[in-house]
Amino acid sequence: LFGAPIVLNPVFFIPFILAPIVNVWIFKFFVDVIGMNSFSVVLPWTTPGPLGIIMGTGFEVWAFVLAITLIVVDVLIYYPFFKVYDKQILEDELKGIDNSEALRSKVADNFDTRKADAVIASSVGNSTAQEVESKDNESITGTTTHANDNVMPEPTNVLVLCAGGGTSGLLANALNTAAKEHHQPVKAAAGGYGAHMDIMKEYDLIILAPQVASNYEDIKQDTDRLGIKLAKTQGAEYIKLTRDGEGALQFVRDQFK
């Protein structure tokens, strides 16, 4: 929504509201008039739209036609508004106008970004302080500590849980990338809280993202019973771990000390 950009963009406001309404009307037509199956399968909310229609209706033949139809209709709805917006941007470029500052001001006027700014500033500040401290230690001892100095003794499977399985993928990817670079036997996967009960026994460590950290005590009963390590994270800490693969590996090691 922010990347397109849709939010705070008056040009795309109409198609943003109109397209979903038209999609529902078309879906209703396919079900009531053509006789297509309605949804019979509950899918994760992160399932892409076209796949969700096809899988949710049990791979109904008409669902493939519906998915293609909706894509074509949505493109037709958005296209004239896209051309208007593209023309506006082109005119600004030809005039040498930079809208970035205006956009920042508009966001600041309409949203309270103080908390987000504080989290980012804290994350950057902590990272800088740790880098300075590390360099000071190196200058004193003449040695450098690397992530692969402390290799995990055994293969370790890590499950990162968030609200819907989206942001947990950031940390899981950071762990897998760093583990591959430093040749450490760590494998991470991402999942959504609530869908973990059947798979948690396959993991040695479960990390809770900030969105689901409040469920720590509830899930701890199950992890203790299964002999699984459990850790929770906070906002700034989680952001830093997703950006620092070596730090994420160290976080995993710390849970087994």
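In which handedness of crossing does H1 pass H3? The crossing is right-handed, where right-handed means that the near helix is turned clockwise from the far one by less than a right angle, and left-handed that it is turned anticlockwise.

This is a predicted model, in which local features need pLDDT of at least 70 and side-chain atom pairs count only at pLDDT 80 or more, while totals for chains, interfaces and linings use all residues. Residues are numbered from 1 along each chain as its sequence is written, and side-chain values use heavy atoms, with hydrogens and water left out.

The pLDDT, which is the predictor's confidence in each residue on a scale from 0 to 100, averages 81 over the protein chain, and 76% of the residues score at least 70. Confidence is highest in H1, at a mean of 94, and lowest in helix H5 (residues 114–141), at 57. The pLDDT falls below 50 over residues 143–148, a stretch that has 10 contacts in the model beyond near neighbours in sequence. Where pLDDT is low, the predicted coordinates should not be read in detail.

Helices are DSSP runs (H or I, at least four residues), as strands are (E, at least two), numbered from the N terminus. Axes are lines fitted to C-alpha atoms, for helices over the stretch in contact, and angles run from 0 to 180 degrees between N-to-C directions.

| Helix pair | Angle | Axis distance |
|---|---|---|
| H1 (residues 13–34) and H3 (residues 61–95) | about 155° | 10 Å |
| H2 (residues 49–56) and H3 | roughly 155° | within 9 Å |
| H6 (residues 168–181) and H8 (residues 235–243) | about 45° | 7 Å |

Angles under 35 degrees count as roughly parallel, over 145 as roughly antiparallel, 65 to 115 as roughly perpendicular and the rest as oblique. H1 is therefore roughly antiparallel to H3, H2 is likewise roughly antiparallel to H3, and H6 and H8 are oblique to each other.

Contact means heavy atoms within 4.5 Å. On the H1 side, the residues that meet H3 include Phe-16, Val-22 and Phe-30, and among their counterparts in H3 are Trp-62, Leu-70 and Phe-81. The residues of this contact divide into 18 nonpolar, 2 polar and 1 charged, where Ala, Val, Leu, Ile, Met, Phe, Trp, Tyr, Cys and Pro count as nonpolar, Asp, Glu, Lys and Arg as charged, and the others, Gly among them, as polar.

H2 also passes H3 in a right-handed crossing. Pro-50, Ile-53 and Ile-54 in H2 meet residues of H3 that include Ala-63, Leu-66 and Ile-71, and the contact of H2 with H3 comprises 9 nonpolar residues, no polar and no charged.

The crossing of H6 and H8, by contrast, is left-handed. Here Ser-168, Leu-170, Leu-171 and Ala-174 in H6 meet Tyr-238, Leu-241 and Thr-242 in H8, a contact with 5 nonpolar residues, 2 polar and no charged.
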